Amino acid sequence: MARPSETYVCQSCGAVYSKWMGRCEACGQWNTIELEQDNAPPGGLKTSGNAKGGKAITLDSLEGEAKAEARYATGNGEFDRAVGGGLVPGSALLVGGDPGVGKSTLLLQIAAGLARGGTRTAYISGEEATAQIRMRAKRLGLQKAPVGLAAGTSLRDIITTLKKEKPQAVIIDSIQTLWSDTLPAAPGTVTQVRTCAQELVRFAKNTNCTLILVGHVTKEGQLAGPRVVEHLVDAVLYFESEAGRSFRILRAVKNRFGAAHEIGVFDMTGAGLREVTNPSELFLSETDQDVSGSAVFAGIEGTRPVLCEVQALVSPSTLGAPRRAVVGWDSARLSQLLAVLDARCGLDFGRHDVFLNVAGGMKISEPAADMAAASALVSSLFDAPLPPKTVTFGEVGLSGAVRPVPQMEARAAEAQKLGFKSLLTPRGVESRKLEVMNFDNLAEAVVWLKKAA
Ligand code: TYD
Ligand code: MG
């Protein structure tokens, strides 16, 4: 056992193999398997060799004193919302995103916000020199914020620095640039990323410091060395943008201390990221609601209602197998909806190409969007716009039944707030200010839409 053994590790999912392969059997990705030296230092791991040396840990009751940890507010409402109401001491977060989306900009703003609020904050960059970060800080008007700034990539140096400086919050930009000198593998490999993340998370838990790791996303849209880091941290957030648009969405995909699927919305301006406190206005700002094939959906993102536009285009097809294309929604869900429209409402989409798009780069995963998608499809098929200022939501079952969805009052209230006049909804929704059309099944809704056209 003298020399470290060589293993082949999938850089996407972390699966380990004894020989190289073109395709990872675990995650199905191509060309992601690379040679890595094993973790074990030469001479083997220095463990005690038996279980006798351990120290007994105390077993506690579930009841105990529940001390509500004070969270560190960053002063940035959208960020605080996405992370579940401020940062929890001792927790670790991962913020992932494409290069250039604005991760460094966001986290510098967050660092400054924390520091100004009295939280001792360190910002450690492995990607940029301190001079570059200072320039950015100046441009953002943050140069006076008392952030501890450092450039470094050595894990050992960073941990030593943190032990000395004892910050309450630390931002590492990015985890892929760090390297631990105990490992022969190159920075950015799964082994290095995992080891560095593990060490830093351990440090954060031991010292009750909040750790924010920045991670890059690969071409395939995954965090490099993704699964391994995602399991180690308490919260995973993705920072996303839509090509050619200035707004950004910070989306919580995992959060031990708050609601997952919560989003924070920002606008990238010349002076950094600006909070967008009313995303519905942003997503609806460019809609043409009086054309056919457009329906406004009242969705729930995390804990807040967000309105967005669902667009459909149904056109006669010249192809044997007509096209179905979906952006921002689930394609299996579209197939199901088309089948229901066919079987329960007698509408034949079989000789039509069908395109469905959620405007503004939003991604919808809620079944509650069925009614909006169906309304958009029917409106496009009949080439008749929906009545103006109409909002819709509701799940459609295979039987064609329109089912109630969670938080219907909140959805209706958001529609009213934004000046909408009528609602197409499942039974159970009432409103004094809006005209409400309740439907038990989709066929009824189709009849109504036809009449309204
Ligand atoms: P950056 O935060 O460096 O992205 P990441 O860390 O995710 O790679 O942001 C880079 C982009 O943001 C760059 O294209 C310039 C743009 N930007 C602005 O539009 N306004 C600003 O105030 C700043 C600092 C950057
Ligand atoms: Mg960066």
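Me: Into how many nonpolar, polar and charged residues does the shell around ligand 1 divide?

Reply: The model is predicted, with local features needing pLDDT of at least 70, side-chain atom pairs counting only at pLDDT 80 or more, and totals for chains, interfaces and linings using all residues. Residues are numbered from 1 along each chain as its sequence is written, chains are lettered from A and ligands numbered from 1 in the order written, and side-chain values use heavy atoms, without hydrogens and water. Ala, Val, Leu, Ile, Met, Phe, Trp, Tyr, Cys and Pro count as nonpolar, Asp, Glu, Lys and Arg as charged, and the others, Gly among them, as polar. The shell divides into 5 nonpolar, 7 polar and 4 charged residues.

Me: Which helix gives the largest share of the shell around ligand 1?

Reply: Helices are DSSP runs (H or I, at least four residues), as are strands (E, at least two), numbered from the N terminus. At least two shell residues each come from α2 (103-116), α3 (130-139) and β11 (263-269). The largest share, 3 residues, belongs to α2.

Me: How much of the area of ligand 1 does the protein bury?

Reply: The side chain of Thr105 has an N or O atom 2.6 Å from an oxygen atom of ligand 1. Accessible areas come from the Shrake-Rupley method with a 1.4 Å probe; for residues, only the protein chains shown count as cover. Taken alone, ligand 1 exposes 570 Å², and the protein buries 74% of that.

Me: How many residues of domain 3 are in contact with domain 2?

Reply: Contact means heavy atoms within 4.5 Å. On the domain 2 side 17 residues take part, and on the domain 3 side 11 residues.

Note on methods:
A polar contact is a pair of N or O atoms within 3.5 Å; within protein, one must be able to donate a hydrogen and the other to accept it, and residues adjacent in sequence count only if both atoms are side-chain atoms.
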